[in-house]
Amino acid sequence: MGVSGAISGPAGRVAAVLAAGRLAAGVVSLVAPRGGGWLRPIAAREASALGRGLGARDVLLGAGVLRALAAGRGGAEWAWLVVASDLADGAGGATEWRRLTAAERTWVGAVFALAACEMAVAVALAATNVDNVDVEKAWDALT
């Protein structure tokens with residue numbers, strides 16, 4: 001499946017780069033998991049399981065976005081799933097804010113910043129799909 005021909009516009013290209021990066025990071029986490037060790041040292045076994053789980057999630061999200069972009073539909077929906085995933089990760093870190101070191105707080109802030117960038121991409125992808133919506137049909141369905 002070739003992706004490059006089906007991705008149009010800056011939002012699609014940025015989404016594809018973000019998705020490819022997420023997919024690659026997920027593969028690395030599956031092969032060499034470090035888990036949540038970046039936040040708190042935890043036992044190697046738990047870190048390995050957590051790392052593999054996060055890696056599998058990122059592979060799924062990255063591949064889902066790329067496939068949706070290649071198909072020309074569903075890109076915005078997949079992008080919103082990515083946003084939700086990173087917001088949940090950031091919220092999990094933020095709940096421990098007072099206990100975090102400065103470096104850990106920076107990491108949590110970076111996760112929220114990434115989610116904000118992904119949100120802008122999701123909004124842009126959704127806006128590109130607006131032309132394909134039959135407004136009258138959608139209105140009739142609501143009323």
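This report describes the helices of a predicted model, their packing and a few of their residues.

## Model and conventions

The model is predicted: local features need pLDDT of at least 70 and side-chain atom pairs count only at pLDDT 80 or more, while totals for chains, interfaces and linings use all residues. Residues are numbered from 1 along each chain as its sequence is written, and side-chain values use heavy atoms, with hydrogens and water left out.

## Overall fold

The protein chain has five helices and zero strands, and its pattern along the sequence reads α-α-α-α-α. Helices (H or I, at least four residues) and strands (E, at least two) are DSSP runs, numbered from the N terminus.

Of the 143 residues of the protein chain, 30% count as buried. Buried means under 20% relative accessible area, exposed means over 50%, and partly exposed lies in between, with a 1.4 Å probe and protein chains only. Among contacts between residues at least 6 apart in sequence, 66% join residues at least 24 apart; contact means heavy atoms within 4.5 Å.

## Helix H1

Helix H1 covers residues 9-31. H1 has 23 residues and spans 33 Å from its first C-alpha to its last, close to the 33 Å expected at 1.5 Å a residue. The expected span is 1.5 Å times one less than the number of residues. The buried residues in H1 are Ala11, Gly12, Ala15, Ala16, Ala19, Arg22 and Gly26.

Arg13 also belongs to H1, and counts as partly exposed at 47% relative accessibility. Arg13 and Val121 lie 108 residues apart in sequence, with 9.7 Å between their C-alpha atoms.

## Helices H3 and H4

Helix H3 comprises residues 75-94 and helix H4 residues 102-128. H3 has 20 residues and reaches 28 Å from first to last C-alpha, close to the 28 Å expected at 1.5 Å a residue. For H4, with 27 residues, the reach is 39 Å from first to last C-alpha, close to the 39 Å expected at 1.5 Å a residue.

In H3 the buried residues are Gly75, Ala76, Ala79, Val82, Val83, Ser85, Asp86, Gly90 and Gly93. In H4 they are Glu104, Val108, Val111, Ala115, Glu118, Val121, Ala122 and Leu125. An α-helix has 3.6 residues a turn, so residues three or four places apart point the same way.

## Packing of H3 on H4

Two packed helices are described by the angle between their axes and the distance between the axes. H3 and H4 pack at an angle of about 160°, with their axes 8 Å apart. That angle makes H3 roughly antiparallel to H4. Angles under 35 degrees count as roughly parallel, over 145 as roughly antiparallel, 65 to 115 as roughly perpendicular and the rest as oblique. Axes are lines fitted to C-alpha atoms, for helices over the stretch in contact, and angles run from 0 to 180 degrees between N-to-C directions.

H3 passes H4 in a left-handed crossing, that is, the near helix is turned anticlockwise from the far one by less than a right angle. By class, the contact of H3 with H4 has 18 nonpolar, three polar and three charged residues. Ala, Val, Leu, Ile, Met, Phe, Trp, Tyr, Cys and Pro count as nonpolar, Asp, Glu, Lys and Arg as charged, and the others, Gly among them, as polar.

Asp86 is placed in H3, and counts as buried at 4% relative accessibility. Apart from neighbours within four places in sequence, Asp86 is in contact with Arg22, Val111, Leu114, Ala115 and Glu118.

## Packing of H1 on H4

H1 and H4 pack at an angle of about 135°, with their axes 9 Å apart. The two helices are therefore oblique to each other. H1 passes H4 in a left-handed crossing. H1 contributes Ala11, Gly12, Val14, Ala15, Leu18 and Arg22 to the contact, and H4 contributes Leu114, Glu118, Val121, Ala124 and Leu125. By class, this contact has eight nonpolar, one polar and two charged residues.

Gly72 sits in the loop between helix H2 (44-71) and H3, and counts as exposed at 51% relative accessibility. Its C-alpha atom is separated by 9.7 Å from that of Gly12, 60 residues apart along the chain.

Arg105, in H4, is partly exposed, with a relative accessible area of 30%. Not counting residues up to four places away in sequence, Arg105 touches Trp97, Arg98 and Leu100. The C-alpha atoms of Arg105 and Ala94, 11 residues apart along the chain, are separated by 8.0 Å.
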